[in-house]
Protein chains: 2
Amino acid sequence: MPQLYTYFRSSAAYRVRIALALKGVAHEAVPVHLARNGGEQHSAAYRAKNPQGLVPALELNDGTVLTQSLAIIEYLDETQPGPVLLPADAEGRARVRAIAQGIACDIHPINNLRVLQYLGKELGATQEQKDAWYGHWIATGLQGLEAMLASHPSTGRFCHGDTPTLADCCLVPQLFNARRFNCPMDDYPTLLRIDAACAELPAFQQAAPAVQPDAE
Amino acid sequence: MPQLYTYFRSSAAYRVRIALALKGVAHEAVPVHLARNGGEQHSAAYRAKNPQGLVPALELNDGTVLTQSLAIIEYLDETQPGPVLLPADAEGRARVRAIAQGIACDIHPINNLRVLQYLGKELGATQEQKDAWYGHWIATGLQGLEAMLASHPSTGRFCHGDTPTLADCCLVPQLFNARRFNCPMDDYPTLLRIDAACAELPAFQQAAPAVQPDAE
């Protein structure tokens, strides 16, 4: 059975958990605690799996280890039966990937735990300054996404059409994070509407941080 | 003819320029100056093209605007003739995308111009602190990539096999940036070897910042 190296609160792992649930792929969760023991993702044992020292990673039955959440989700979509997570047309795929990357490249990495830790330890940033940093990049990113989605004819019940895609796998964890840090959300009615549609689906419910085996 | 909204020094635009050149796609370069006029990417005219206010964007002949460098490159690969930029097998594609995302998600966004500007303006970081920040994320990211590539049987003359892929389109601009900020490079022999192989190809030469029409 494939093994998912995951942390309940990791936004990138959360994306892959949604995709695995949407596809109905049986797997075993292997928790990697990002804060305990100086960060278990830095251990030699885990780096032997993923030299980047980041979660998630998906170890296949033959021992192949896949890394990077978006790459893992596209692999699952290409190899597993179940609902498709990318559109059939090249232009639609480009749009879904652009929405996903607008989150996975331009919001999430800047607000990741390791970056917030650096701000505090190396630059002496206060909690207030770290919260302002977090809120700034959330607002910058979500404003762009709201504008991309609000007026586009391909936006449907979900980010692209009326079934969930890779884009929704990224959007829901990012909004979860934004709420966790008490970011104002009133300016993103389209994103909130899509998030609510996702929340009705069992796959998104099963992937939520609070119901993971390693949740605290 | 497609129009590429670009800035000579933008790492993400540089990736797309390489892919366009590898594919031999005729296009017009439309410079967007990221530092002049408070950042031309923030103008209402440009945001009407790309609501995220980031370069690059590729406007197709029918007016469709594609955004996010990796999504644009995959679109080009799916729709244009010429050498393929992603492997034929799902596992190979997952590896190439993971390498690309290890750069495009986990190195580049944290060191982007807008982040360095925030560090200076909002957190009062000195030039020395900004340089240390830059070097830290370069070293963290490139160490992981070197480990991913050095020992993997699929690494060839290029990141994956003996022809350039999406991964090389990302690697070369990131190493260009690292050199520009005087980051030590001795620990990355595999990355440097691949970079040198890329530098021999006309497509990579044509895409370099120094030979762009808007180069300063």
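Me: Is Y134(B) buried or exposed?
Reply: Relative accessible area decides this, and under 20% means buried. Y134(B) has 3%, so it is buried. Keep in mind that this is a predicted model.

Me: Where does Y134(B) lie, and where is F181(B)?
Reply: Y134(B) belongs to helix 6 (residues 127–150) of chain B. F181(B) sits in the loop between helix 7 (166–180) and helix 8 (189–199) of chain B.

Me: Why is the pair of Y7(B) and F8(B) called edge-to-face?
Reply: Look at the angle between the planes, where over 60 degrees counts as edge-to-face. For Y7(B) and F8(B) the planes are at 65°, so the pair is edge-to-face. Their ring centres are 5.0 Å apart. Y7(B) counts as buried at 7% relative accessibility. F8(B) counts as buried too, at 4%.

Me: And what kind of pair do Y134(B) and F181(B) make?
Reply: Planes under 30 degrees apart count as stacked. The planes of Y134(B) and F181(B) are at 10°, so this pair is stacked. The ring centres are 3.8 Å apart.

Me: Which residues form one aromatic cluster?
Reply: From chain A, take Y118(A), W133(A) and W137(A). From chain B, take Y118(B), W133(B) and W137(B). Together they form one cluster.

Me: How do helix 1 and helix 3 of chain B cross?
Reply: Compare the axes, each read from N to C. Helix 1 of chain B covers residues 11–23, and helix 3 of chain B covers residues 69–79. Their axes come within 9 Å and cross at roughly 10°. Angles under 35 degrees count as roughly parallel. The two helices are therefore roughly parallel to each other.

Me: Which residues meet between helix 1 and helix 3 of chain B?
Reply: On the helix 1 side, they include V16(B), A19(B) and L20(B). On the helix 3 side, I72(B), I73(B) and L76(B) are among them. By class, this contact has 8 nonpolar, 1 polar and 3 charged residues.

Me: What does the domain assignment of chain A give?
Reply: It gives domain 1 (3–83) and domain 2 (90–204). Their C-alpha centres lie 20 Å apart. In the contact, 14 residues of domain 1 of chain A touch 20 residues of domain 2 of chain A.

Me: Where is there a cis peptide bond?
Reply: Check omega. One cis bond joins V55(A) and P56(A), with omega about 0°. P56(A) is in the loop between helix 2 (44–49) and strand 3 (57–59) of chain A. In chain B, a cis bond joins V55(B) and P56(B), with omega about 5°. P56(B) is in the loop between helix 2 (44–49) and strand 3 (57–59) of chain B.

Me: What is phi of Q68(A)?
Reply: Phi of Q68(A) is near 70°, a positive value in a residue other than glycine. Q68(A) lies in the loop between strand 4 (65–67) and helix 3 (69–79) of chain A. At 9% relative accessibility, Q68(A) counts as buried.

Me: And what is phi of Q68(B)?
Reply: Q68(B) has a positive phi of about 70°, and it is not a glycine. At 10% relative accessibility, Q68(B) counts as buried.

Terms used:
Residues numbered from 1 in each chain as written. Chains lettered and ligands numbered in written order. Predicted model: local features only at pLDDT ≥ 70, side-chain atom pairs only at ≥ 80, totals over all residues. Heavy atoms only, no water. Phe/Tyr/Trp six-rings, centres within 6.5 Å; stacked < 30°, edge-to-face > 60°. Buried < 20%, exposed > 50% of the residue type's maximum accessible area, 1.4 Å probe, protein only. Helix = DSSP H or I, 4+ residues; strand = E, 2+ residues; numbered from the N terminus. Axes fitted to C-alpha atoms, helices over the stretch in contact; angles between N-to-C directions. Parallel < 35°, antiparallel > 145°, perpendicular 65-115°, else oblique. Contact = heavy atoms within 4.5 Å. Nonpolar A, V, L, I, M, F, W, Y, C, P; charged D, E, K, R; others polar. Domains from an automatic or database assignment.
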